[in-house]
Amino acid sequence: MKIVAITACPVGIAHTYMAAEKLSKTGAELGHDVKVETHGSIGIENGLTEQEIKEADGVIIAADKTVDLERFAGKRVVVVPVAEAIKQPAELIERVKTAPIQKGAVKDVKKEKDGNIVYRALMNGVSHMIPFVVVGGLLIALALAIGGEPTANGLAIPEGSIWQKVLDVGAASFMFMVPILAGYIAYAIADRPALAPGIVGGYIAANGSFYGSEAGAGFLGGILAGFAAGYLVRWIKTWKVPQMMQPIMPILVIPIISMVAIAALFIFVVGAPIAGLMEGLTTMLQGMEGSSKIVLGLLLGAMIAFDMGGPVNKVAFLFGASMIAEGQTGIMGAIAVAICIPPLGMGIATFIRKKLFVKEEQEAGKAAFMMGLVGITEGAIPFAAGDPLRVIPANMIGAMVGAAIAITVGVTNNVPHGGPVVAVLGAVDNVIMFFISVIIGSLITAFTTIFLKERAQRKVKQSESLKQVG
């Protein structure tokens, strides 16, 4: 039997090639001719020709992201998650004999196989976002670490210096982070027509000026924009339109309608609550100035780590910056500790338990650790976007503990910035306790992340075991 196959995972590094190897070797052992096309991080390799597809008796699609099935029309097609090709290649090859014949476009199959669409879409967005975060973050970190000088307005780089140019390039890369995340979440759900609405929606989500907020909705807003754009476009694609309109639907009609709708969602619906949230949180923090230091530290740490650059984070940061002018530098001391804990914690977690993270996440962990050293909280965003239910709580717990310790023992910071870099540059008082607070908080975040991820893996294995028994 001649079989052609495609393997693809969201990151496109490990599982894609492991599945291809398993299918090829198992097929040869069973006496079948199996050719596998891989959709990896560097693109399509070992591509299938039209002649090979024509001669094939069946097709295996082992993928956790969208794959175009139109070229396999008329063939028996099996569509499964990539992990199934790694675990049960023989059974998968046997299923080809009785698989249904592919008749329509990819959307017809995806409706039946979309149980894991949320995970696939999130990971598709995260995998495309990571290069922007890593490159941008490392350039910013390098510029601040070497060219930065502590000032009343935070770490500053002299105008016209080479490090200012490096900082600008890094900031430009960072600017694309949320739009790319949103765009490729949408793309995974509804293919190419959803890409532009998702990217534009992500940009609007990250830019608070569209809806009168001092801060955008951050990466959480980007995730919302991506899913909203994806499912909206997916729905529009089901509309019955005259044949003369069909050619312009994916390039004109769908993008315009969906882009306007997503923009309106954030400008008129989501934006006002975000602006109101920032105002309410600011008022709450101002009312807590004379309250318990521990409670205030816990609250500030939680806010800084919750959305990492989003509106909640910005409120806490701006509050701490405003308190410096009033001589209350202890608040900014706690914030300086909390700022660096999420990226440092994620970096440490990838160092300690590599097996819990795919190769691309392991590389992102190194970059996150470097970003944490210079106070760039956004270094943890790829991890939070890919696994928010476990990473965000872990980030918050570590940052809360670190900030509470710092504010209780009298750590102060005279510039509106965070991370070990401000201590090295002399902006922090009680430096030893500053570093102790950072270390404790970062370790708590790392080990909490490891615990939650390992527990989730155990539950998955138990569930699979029960299915096999059943």
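**Notes on the predicted model**

1. Glu94 is partly exposed, its relative accessible area being 36%. Its salt-bridge partner is Lys97, with the closest N and O atoms 3.1 Å apart. Lys97 also counts as partly exposed, at 45% relative accessibility. The model is a predicted one, and the count of salt bridges comes to 11.

2. A salt bridge also joins Lys237 and Asp191, at 3.5 Å from N to O. This pair links distant parts of the chain, 46 residues apart: Lys237 lies in the loop between H10 and H11, and Asp191 in the loop between helix H8 (177-190) and helix H9 (195-206). Asp191 has a relative accessibility of 18% and therefore counts as buried, the cut-off being under 20%. Lys237, at 23%, is partly exposed.

3. Asp387 and Arg390 form a salt bridge with closest N and O atoms 3.1 Å apart. Asp387 is buried at 12% relative accessible area, whereas Arg390 is partly exposed at 29%. Together with Lys453, these residues are linked in a network of salt bridges.

4. Ile248, Ile251, Leu252, Ile256 and Val260 make a nonpolar surface patch of about 470 Å². Ile248 sits in the loop between helix H10 (218-236) and helix H11 (249-287) and is partly exposed, at 34% relative accessibility.

5. Helix H12 (residues 293-307) packs against helix H14 (residues 329-352) at an angle of about 40°, the axes being 9 Å apart. H12 is therefore oblique to H14. The crossing is right-handed.

6. His39, in strand E2 (residues 33-40), is buried, with a relative accessible area of 14%. Its C-alpha atom is separated by 39 Å from that of Ser209, 170 residues apart along the chain.

Technical notes:
Residues are numbered from 1 along each chain as its sequence is written. This is a predicted model: local features need pLDDT of at least 70, side-chain atom pairs count only at pLDDT 80 or more; totals for chains, interfaces and linings use all residues. Side-chain values use heavy atoms; hydrogens and water are left out. Patches are made of residues with over 30% relative accessible area and no salt bridge: like charges are joined within 9 Å, nonpolar side chains (Val, Leu, Ile, Met, Phe, Trp, Tyr) within 5 Å. Accessible areas come from the Shrake-Rupley method with a 1.4 Å probe; for residues, only the protein chains shown count as cover. A salt bridge is a side-chain nitrogen of Lys or Arg within 4 Å of a carboxyl oxygen of Asp or Glu. Helices (H or I, at least four residues) and strands (E, at least two) are DSSP runs, numbered from the N terminus. Buried means under 20% relative accessible area, exposed over 50%, partly exposed in between (1.4 Å probe, protein chains only). Axes are lines fitted to C-alpha atoms, for helices over the stretch in contact, and angles run from 0 to 180 degrees between N-to-C directions. Angles under 35 degrees count as roughly parallel, over 145 as roughly antiparallel, 65 to 115 as roughly perpendicular and the rest as oblique. A crossing is left-handed if the near helix is turned anticlockwise from the far one by less than a right angle, and right-handed if clockwise.
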